[in-house]
Amino acid sequence: MHDLDLATKPRKKVRGAATDLAGACAGKTYAMVTMGCQMNAADSERLEGSLRQLGLVEAPDPKLANVVVLNTCSIREHAETKVYSYVGPQAKRKRNGEDVTIVVAGCVAQQEGARLLRRAPEVDVVMGPQYANRLPDVLERAMVHGEQVAATSASYGATSTSSAASGAALDAPTAPRRASGVVAWVTITHGCNERCTYCVVPNTRGVEQSRAPDEILAEIDDLGNRGYREVTLLGQNVDAYGRDMRPRRHFHDLLAAVADVARRHGDMRVRFVTSHPRYITDAVIDAVADHGDVIMPVFHMPAQSGDDAMLRLMGRGYTADRYRSIVAKIRKRLPDATISSDFIVGCPGESEAAFEATLALMDDVEFDACMTAAYSPRPGTPMAHWDGAADAFATLGCDDDVKEDRLRRINAKSDAHVKRRAERYLGRVEPVLVEQRNTRAPTQVVGRTRGNKLVFFEGDADDLVGRTVDVEITEANTFSLVGVRVVGDAEFLE
C-alpha cells in the first residue's frame, strides 16, 4: 500500500513557475544533512537517491543549495532547538529572496508537525520518517504547486523502495545513494510497536512494518553483484520481524535465507541491529552460529538498566536475570561473540541502589561496547508526563548533578570493560574487511573484524578497500585496534 495523506497549505504561485517536478528541479542543487542513528543514515541514503533521481546535483557549498533536506533525530534533549538553529540561516536566505526549498524530515519533523511550520513559516515541507521513500511526491506539492506540506500522518508502505511521483510507475525503484561502496544498510522493518515509557520512537516512526522477504533478498543480491562486501539488516527491533505479516514470518528464517544469498557472493558479511531482550530467541542465536561463515557473531542488545523495578517502570518486559541468561546462551554457542548494549541513567524512580544494580549487570557481562545517556524527557512519552516525575527526581536525588555523576561512573566502568575485551585480540590474526583510507593517516586503511572492532593498519587503500585481509593485532585501545597486515605465501609471490 502507498497511502500519501498530505496536509497542504496554498501559497502564492510564483509567476513563471515550472509546471512539472522535472522542470522545477532542472539545474538545481541540493544539500543533505543527517542527524541521529543508523535508521536515519539509511533513510538519508534513500532521500538522497530520490534527489539525484530527480536530476538535482549535490551543492559544492551546502549554504548555497537550492533544496536543503534536514533529516532529524529526536532521541536526545534539545533536539528541537538544534533543528530550529539549523533552519534559521536557511529561512533567512529565503526571506532575502534566494531560491531555496527547505525540507525538514525525520523524527523531529514527525514530533513537531504543523507546529514547526507555524514557528518557521519559511519551511516548505515537514515530513515524518514514514515518507522517506515519498520525497518526490512532497516536493512536487511544494515546488510545482507552491504549497506548504505537512506529511506526518500514518502511512503504510514505509519500507518500500518504489516511487509513484510525477506519474512514475509504482514499481520504479528509487536507488539509495550509498555512503560507502563496501558496506550497506538494508532496512528490514520500519517503526516500532513497543511502548517503552521513556522512548519517543513509536510516536515518530510509527507502527511496525516488516519488509517483504523477497524484496530484502533481491536488494542484498543486487548489492553483492555490485561489489558490496557487507550488509547490515536494520530495524528498531529486528527480532520482531514478520510478526505483522500473514502468514507470520520469523527473523531466524530471514537470517538463514540472507545467508544463502550472501554465500553466492564469496566472502560477503551480514550483520544486524537492533535486538530486543524481550524477543530474541534461541533460534536467532542458533542461526548466527549455524551460518557463522557469513553472519557475524555480533549482538547489539540494549539492556537500559540492570534493576528489575526500573525495567518495569521503563516498560521493557524482561528482568535483569533474563538478560543474563540470554548472554549466557550467546556465549555458550558463540564464545567469542561481541555483545554491546545501551543504558540510560537518571530516569525518574532510579535510586542509587537501582543504579548499582546496573553496574553489577555490567560487571557480570563485560560488554564489548556501550552507548550511555543521561535521561532526558521526550515529548509525548509516558515517563515525561508522569504525575510526580519531578518529585521522583527530587526525592531520589536524580537532579542534573546526580545524573552527570552516574553517567561519569557508568562510562568509566564501560571503558574499562571495553578495553579489557579488546585486549583479547592481541596477538591474533584477524580477517579484516577494509572499508576506507584512514583520513587522518593517508598511508593507513581502516576496516573491521568479524566482531565489529575497528582496525587501523598500514596499507594501500587503492589496492585494499573492499578486500578482506589477514591482520595481526599488535595494539588494543578502548575503541579500536592497531595491527600489521599478514601476507600469505601465495599473495606474496604475486
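Glu352 comes out as partly exposed, because its relative accessibility is 33% (buried is under 20% relative accessible area, exposed is over 50%, and partly exposed sits in between, using a 1.4 Å probe and protein chains only). Its side chain meets that of Arg409 in a salt bridge, 2.8 Å from N to O (that is, a side-chain nitrogen of Lys or Arg within 4 Å of a carboxyl oxygen of Asp or Glu). Glu352 belongs to helix H13 (residues 352-365) and Arg409 to helix H15 (residues 400-422), so the pair ties together parts 57 residues apart in sequence. Helices (H or I, at least four residues) and strands (E, at least two) are DSSP runs, numbered from the N terminus. Salt bridges with shared partners also join Glu350, Glu352, Glu356, Asp405, Arg406, Arg408 and Arg409 into one network.

This is a predicted model, where local features need pLDDT of at least 70 and side-chain atom pairs count only at pLDDT 80 or more, while totals for chains, interfaces and linings use all residues. Residues are numbered from 1 along each chain as its sequence is written, and side-chain values use heavy atoms, leaving out hydrogens and water.

Across the whole structure, 45 salt bridges turn up. One of them pairs Arg243 with Glu194 at 2.9 Å, N to O. Arg243 sits in the loop between strand E11 (230-234) and H9, and Glu194 in the loop between strand E9 (189-190) and helix H7 (201-205), 49 residues apart. Both Arg243 and Glu194 are buried.

Arg324 and Asp321 make a salt bridge too, with their closest N and O atoms 3.2 Å apart. Both lie in helix H12, three residues apart, about one turn of the helix.
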